[in-house]
Structure formats: C-alpha cells, structure tokens
Amino acid sequence: MTKNQVITVDQSIDLPEVTINLSDDLYNEASNDNQISGEKLFSELIANCPDYYYFRSEVELIEHHASRIAGLLGRGLHVVEYGPGCEQSIKNKSLRFLSGFKSIESYCAVDVNKNFAESAARFIGANCNVKKSIHSINNCFSANLSWPDANTLLFSFGGLICNQPLAANDNLSKPLSLWRSQLQKGAHLLVSQDANQDIGKLQSAYDNKWMERLVLNSLLGSCSNKIAANNLKYKVVFDNQKQSVILGALFLQNQEIILNNKPRLVESGDFMPVVDSYKLTEEQFLNASQNAGFLPVQTFRLPNNPIVMHLLRAA
Ligand SMILES: C[S@@+](CC[C@H](N)C(=O)[O-])C[C@H]1O[C@@H](n2cnc3c(N)ncnc32)[C@H](O)[C@@H]1O
C-alpha cells in the first residue's frame, strides 16, 4: 500500500463521521433475543476460517519468541493479561507465552467476558508455575485499573490495542496512554500488532461468512428492539485515512433501532460500523506508543508473518 493510494474495499458507501463502536458485544454471551453467543461464534471463526490469518500467525510468533521474551524480563514478574479470549486463544496464546517463563509471581486476566476472564485464570493457574496469586477481573480494560508493582508485565494478544473505538481524528496514543496510566514507571507492556498492509489479504481475512456472522450478531445484540436479519448486509470497508478495516452492516430498508436505550431512525443505505481494526505500520505504532509514554524495548517478528509484537517499557 502506498501512502496516497485510496483503498477502500467497498467504495459505494459514505462512512458516518463519528462511528459507534459496538465491539463490546462482539465476544459476549447473547444479551437479547436477536443474538446468539458471540463467544461461540468467535471460537467457530478461529476453528473454521482458513483465511483469518491473524490467529495462527500470532500463535507462530508467540511460540517462536516466548522464551526470549521471558529471558529479557527476568524473574519475579506480576503478569496481567487484557482480553485473553476463548479457550482456543488461552491454550494457544496465553499458555504458550507463559510457558516460556520458569515461574511468575502472579497472573490476573481482565476481560469484558466473564467466562473468558475466569477460564484464563483457571487454565493458567493449573498449567503454569504461578507462585503467589491468580485473579480474574470481569471488566473493561478502560476501567479504573491500576497495577501497583513496577515489575509488572501487561500483555495483550489479538491486536486488542489496535481494535479500539477511536473517533475519526483520534489516534492510537489515546488507548495506549490509558494503559500507560495504569502502570508504574519501569513496568512492561507487550502488545501485538497486525502490520499487514496487503489489501487482498485483509479482504479475504475479513470478508467471509464467519466474520459476517460475528459482526452482524454483535450489531443485533446491541440493538434492544427486534431487527430483521435480512435487513442487514455485511460490509467490509478499508478507510484509508484512518488506516483501518471497518466491519459493519448496511441497512437495506428504513428501520427504527434502539441503541443504548435511544431510538433512532436508520435509513436504507446507511452503514453502521461495528468494529475497527487498525492497520498501522510498525513505525506509526511505535510513534504512538512513544507519544503515550512508552519506550521501545524490542519488536519481535518472523519472516512472512504480518503480525509483530512490541515489548515496551513505561517511561
Ligand atoms: C480479538 S479477541 C482476542 C482474544 C485473544 N487474546 C486472542 O488473541 O485470540 C478480544 C478479547 O478481548 C476482550 N475485550 C474486547 N474489548 C474489551 C474491553 N474493552 N475490555 C476488556 N476486554 C475486552 C474480548 O472479550 C475478547 O476476549
């Protein structure tokens, strides 16, 4: 992708200026009759969709670098994981990563999905050498959280930090600053990032029936009134300015929807974004993290693997 090239997966729609991010519903249990469990759909996506490269590429990367990262961080570490995800994620990513450490002092999983947070804590407790304590917190990681020990490692896989509800002119420094404010100086952050800039790969990864089910289901779950599923058409849009893949739905007929208890009229042809996935270059990512108060320690990569992991230190 060259800098000035306008790339949109679909150019036939206007994006609303302010997007509402409904991603909190994406991986959760059904919240109303419109919805099936997002938790189940996410597991199905990972198990069945060969084009969803993100998962397996990251697993490879973690497997390859876990011991090296553990060696860099040393002993006595308090470990916090944001968004551990479903069982497949926990086994393939969290556990593989933490297996690189001989021992850790504590482990705490934070997830908006209660089952995910609890099963991560259970699973890591049973399979890793955690000396002192194991916790789970069922909360949003933008909540008022604080990790008081300077020897803390906060890690997050699945590109979570690049999957945030940013307003159109915002940037990645904002969620990174929030995470920085939760850490002491000297603590570490390990985050993965999809540095994929290949529009063909992005399209096949996101424009498929598994992702469609996940995204439409989340939108249906966010609306508290009944929406006819055949009034929604799944759309994948690449917003070149935001450098973000936006997944959402096009309404085919006028429809009243109730979102956050507020009724609103959506017209035929309106696009409702559900989740953004930012596709920044490594350099842009590191600039944003420096603006947020982190210093780069090392970036881990593998040849032909679009995912990279950044180890950062709170300045
Ligand atoms: C893309 S999945 C990644 C799961 C796993 N880490 C992986 O790489 O497969 C996102 C995870 O973060 C959780 N999550 C999303 N937004 C969150 C938020 N704002 N606060 C806490 N957890 C969140 C979801 O419930 C889910 O477990």
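Colleague: Which residue in S7 does Tyr234 stand opposite?

Modeller: Tyr234 faces Ala249 in S7. Helices (H or I, at least four residues) and strands (E, at least two) are DSSP runs, numbered from the N terminus. This is a predicted model: local features need pLDDT of at least 70, side-chain atom pairs count only at pLDDT 80 or more, and totals for chains, interfaces and linings use all residues. Residues are numbered from 1 along each chain as its sequence is written.

Colleague: How many bridges join S6 to S7?

Modeller: Eight bridges join S6 to strand S7 (residues 244-251), and the two run antiparallel. Two strands pair if DSSP finds at least two bridges between them.

Colleague: In what order do the strands of that sheet come?

Modeller: The order is S6-S7-S10, three strands in an open sheet with antiparallel pairing. Strand S6 (232-239) and strand S10 (271-278) stand at the edges. Each has a single partner strand, so one side of each has no neighbour in the sheet. The twist averages 20° from one strand to the next.

Colleague: Which helix lies across S6 and S7?

Modeller: Helix H6 (residues 199-206) does, running at about 155° to S6. Axes are lines fitted to C-alpha atoms, for helices over the stretch in contact (C-beta atoms, placed from the backbone, within 7 Å). Angles run from 0 to 180 degrees between N-to-C directions.

Colleague: Switching to H1. Which of its residues are buried?

Modeller: In helix H1 (residues 38-48) they are Gly38, Leu41, Phe42, Leu45 and Ile46. Buried means 20 or more other C-beta atoms within 10 Å of a residue's own, exposed means 12 or fewer, and partly exposed is in between; C-beta atoms are placed from the backbone.

Colleague: Why do they line one face of the helix?

Modeller: Seen down the axis of H1, they fall within an arc of 135°, so they line one face. The arc is that of the directions from the helix axis to the C-beta atoms. An α-helix has 3.6 residues a turn, so residues three or four places apart point the same way.

Colleague: What do the buried residues of H1 pack against?

Modeller: They pack against helix H2 (53-73), H3 and helix H7 (209-222). The face turned away from the buried side carries exposed Ala47 and Asn48.

Colleague: Last one. Is Asn304 buried or exposed?

Modeller: Asn304 is exposed, because 7 other C-beta atoms lie within 10 Å. Asn304 is in the loop between strand S11 (294-300) and strand S12 (307-314).

Definitions and conventions: Contact = placed C-beta atoms within 7 Å.
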